[in-house]
Amino acid sequence: KKLKKYNRKPKIDFLIKLRTMLGAMPVGWVEQFVRLDGQKELVKLFEHQVKKASKSKDKENEIVAECCRCIRAIMNTALGFKKVLECKKALQYLSFSMEYVNIKTQTVVLSALAAVSALDPIGHRYLVLEWDRRKEKLIIHLFSNDDSLVTASLMFINALINNISDQQERIKYRSKLIRLGVDYRINQLKSSDTASEPLLTQIQVFEESLENDSTQAKNEMYDEAITKLETKTKHLAAEN
């Protein structure tokens, strides 16, 4: 009821309190919040605030940021994760919100989107298409000086690419990002003395996935060439 009350004129203090409760209360409390459709009201508020932020000159929007954090807290439970994804525009506005929140909240959003990419096939397909249109902005986050944001960005990139089932599509998607400078940035990070262990882990995942796909593609091309050669040889033998 309070969420409906604040939907038009939200108060930041209320959202901070809600986010704190969603993170601190038992799982049962969060699940009851979801059963009462609290996440639907939250996403409605979130959508309205993102649209409002897009018309403002302010670079950061506290209400949008708190909505992001509340949604992420709900998604920490299995039921909450499922119910948030049932809200059709939740992923769309989480993606849009990246332009109106600070680095800390951007990190939270990217970690949420990475989880969706890894755990929900339908959500993953949407994010692959959405971030193909926004890939330049994703690369900008990768070039941040904030280790946590860079780690979350690369984790999201890995989740996006590695959960594409078709190998050729993975290679194609990854190649687009490489052309925008992902490999250059990774080499920079590898030569840095300040890269954290989580970041180095994500770099390793990216490089191993790249190598595995490249090796597999080469092997398939080799097998195809051998098959064609064998077929041609059989035809020549039959003619003689």
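The protein chain exposes about 14,100 Å², with carbon and sulfur atoms supplying 53% of it (Shrake-Rupley areas with a 1.4 Å probe; for residues, only the protein chains shown count as cover). This is a predicted model, where local features need pLDDT of at least 70, side-chain atom pairs count only at pLDDT 80 or more, and totals for chains, interfaces and linings use all residues. Residues are numbered from 1 along each chain as its sequence is written, and side-chain values use heavy atoms, leaving out hydrogens and water.

**Overall build**

- You get 14 helices and zero strands in the protein chain (DSSP runs numbered from the N terminus: H or I of at least four residues for helices, E of at least two for strands).
- Of the 240 residues in the protein chain, 44% are buried (under 20% relative accessible area, with exposed over 50% and partly exposed in between; 1.4 Å probe, protein chains only).
- Take the contacts in the protein chain with a separation of 6 or more: 73% of them come from residues 24 or more positions apart (contact means heavy atoms within 4.5 Å).

**Helix α8 against helix α11**

- The axes of helix α8 (residues 103-119) and helix α11 (residues 147-162) come within 8 Å and cross at roughly 20 degrees (axes are lines fitted to C-alpha atoms, for helices over the stretch in contact, and angles run from 0 to 180 degrees between N-to-C directions).
- That angle makes α8 roughly parallel to α11 (under 35 degrees; over 145 is roughly antiparallel, 65 to 115 roughly perpendicular, and the rest oblique).
- On the α8 side, the contact residues include Ile103, Leu110 and Leu113, and on the α11 side they include Leu149, Met155 and Phe156.
- Sorted by type, the residues of the α8 contact with α11 come out as 10 nonpolar, six polar and no charged (Ala, Val, Leu, Ile, Met, Phe, Trp, Tyr, Cys and Pro are nonpolar; Asp, Glu, Lys and Arg are charged; the others, Gly among them, are polar).

**Asn158**

- Asn158 lies in helix α11, and it counts as buried because its relative accessibility is 4%.
- Not counting residues up to four places away in sequence, Asn158 touches Gln202, Val205 and Phe206.

**Ile12**

- Ile12 sits in helix α2 (residues 12-24), and its 23% relative accessibility is why it counts as partly exposed.
- Leaving aside neighbours within four places in sequence, Ile12 is in contact with Glu62, Ile63 and Glu66.
- Ile12 and Ile63 are 51 residues apart along the chain, with 5.9 Å separating their C-alpha atoms.
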